[in-house]
Amino acid sequence: MDSRLPLLTVDTVIFPGLVLPIPVTDVQGRAVIRDLVENGGELVCGAVAVRDGYELGDRVFRSLYGTGCAATISEIALDAADDGPVEITLTGNRRFKVAELDTEGDYLIADVEWLAEDPGDDPLGTANVAVQRFHRYAAAVTEISQPGLHIGSLPDDPSTLSYLMSAAMTLMTPDRQKLLEAADTTTRLAHLVGLLDTEMAAIKALPSLPAVDLSWSDMAPN
């Protein structure tokens, strides 16, 4: 995979394996889609979550996180108006850290450093604890919201499992970003256990969560 990627700035965190429809309404994002289509080949870009931002004329200025996820665009839906919004479907592939940004063109291009998927000290043991907590969380969410949280059987691979649970939980962007940036699978799973405990306490205190509907790719995260 190329280490130089056009960047889409998105309002959520894309995880390896996650399949997600994303609206693209800004000029820079539309230019990324246009050039990828015109250049042919695989439609791969980098997806980086936004910290904050503002618009000035037809430009969007945003503060971005430094770690993102390469993603493949599988579907593109255009608005009837040529300058209307675009909805694309992204499938997360592989994590990266932004090493350098090229800001000279119509959109951001990043030179990236690919991040390894290190299992850490105890991925299987930590995964077992996380799965127990996650089943309780999913049952609690399903009890208080419709259609609830239904994912089916969980994967055996701890790394894939950690990303699936990270994507499935209802979390604020900084928490999701911290999970994406985790140094290894064991660390991510341990952080998930803490977040699951916090979310369960919040559900008991104030049971009001939106429904979650996720699609997941069978592809490996790497």
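Visitor: Which residue forms a salt bridge with D35, and how far apart are the closest N and O atoms?

Guide: A salt bridge is a side-chain nitrogen of Lys or Arg within 4 Å of a carboxyl oxygen of Asp or Glu. Here D35 pairs with R34, with 3.0 Å between the closest N and O atoms. This is a predicted model, where local features need pLDDT of at least 70, side-chain atom pairs count only at pLDDT 80 or more, and totals for chains, interfaces and linings use all residues. Residues are numbered from 1 along each chain as its sequence is written, and side-chain values use heavy atoms, with hydrogens and water left out.

Visitor: Is D35 buried or exposed?

Guide: Buried means under 20% relative accessible area, exposed over 50%, and partly exposed in between (1.4 Å probe, protein chains only). D35 has 17% and is buried, whereas R34, at 38%, is partly exposed.

Visitor: What is the N to O distance between R4 and D111?

Guide: That salt bridge has 3.2 Å, N to O. D111 is in strand β7 (residues 109–114) and R4 in strand β1, so the linked parts are 107 residues apart in sequence. R4 is partly exposed at 35%, as is D111 at 26%.

Methods
Helix = DSSP H or I, 4+ residues; strand = E, 2+ residues; numbered from the N terminus.
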